[in-house]
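Please look through the sequence and the structure shown here before reading the notes that come after them.

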Amino acid sequence: MGNYDSNNPEHVKKAEAKRQIETDAEVHDLRAIMESQLGRRFMWRLLEQTGLYKTSFTGNSTTFFNEGQRNIGLWLIAQVNENCLDEYTQMVKENREDT
């Protein structure tokens with residue numbers, strides 16, 4: 001594309017098409033992970049590691065680190081809920097502690 005010019009409609013159109021291809025690939029990848037029990041198990045561990053469902057406050061600067069991890073978890077769970085809601089529900093059922 002050379003130098004990108006946001007005033008050039010052709011450049012904008014190509015950039016939007018490229019981004020859509022990337023987004024489609026990301027959604028496809030996430031769905032592939034969430035469709036298998038192994039992938040859902042991995043996702044569950046990853047979400048747990050981010051501290052998504054616990055407080056990040058420590059009373060010191062570790063809070064900032066914890067909030068960074070939690071922010072990644074929030075982003076990830078939003079992606080999962082937007083694109084794989086049925087698989088997310090299945091993942092929760094598979095990881096219930098009383099089962």
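The model is predicted, and its largest pocket holds about 190 Å³ of space. Two helices, α1 (9-34) and α3 (62-83), each supply at least two residues of the lining of that pocket, and the axes of α1 and α3 come within 10 Å.

**The largest pocket**
- The residues that line the largest pocket are Thr-23, Glu-26, Val-27, Leu-30, Trp-75, Leu-76, Gln-79, Glu-82 and Asn-83.
- Of the elements that contribute, α3 gives the most to this lining, with five residues.
- Sorted by class, the lining of the largest pocket consists of four nonpolar, three polar and two charged residues.

**How α1 and α3 meet**
- The axes of α1 and α3 cross at roughly 85°, and because angles of 65 to 115 degrees count as roughly perpendicular, these two helices are described as roughly perpendicular to each other.
- On the α1 side the contact is made by Val-27, Leu-30, Arg-31 and Met-34, which meet Gln-79, Val-80 and Asn-83 in α3.
- The residues of this contact between α1 and α3 divide into four nonpolar, two polar and one charged.

**Thr-50 in its loop**
- Thr-50 is placed in the loop between α2 (37-49) and α3.
- With a relative accessible area of 8%, Thr-50 falls under the 20% limit and therefore counts as buried.
- Leaving aside residues up to four places away in sequence, Thr-50 touches Asn-66, Gln-69, Arg-70 and Gly-73.

Methods
Residues numbered from 1 in each chain as written. Predicted model: local features only at pLDDT ≥ 70, side-chain atom pairs only at ≥ 80, totals over all residues. Heavy atoms only, no water. 1 Å grid on protein atoms, 1.4 Å probe; cavity = no way out; pocket = protein on both sides within 12 Å on 5 of 7 lines; lining within 4 Å. Points joined across faces, edges and corners; volume = space filled by probe spheres on them. Helix = DSSP H or I, 4+ residues; strand = E, 2+ residues; numbered from the N terminus. Nonpolar A, V, L, I, M, F, W, Y, C, P; charged D, E, K, R; others polar. Axes fitted to C-alpha atoms, helices over the stretch in contact; angles between N-to-C directions. Parallel < 35°, antiparallel > 145°, perpendicular 65-115°, else oblique. Contact = heavy atoms within 4.5 Å. Buried < 20%, exposed > 50% of the residue type's maximum accessible area, 1.4 Å probe, protein only.
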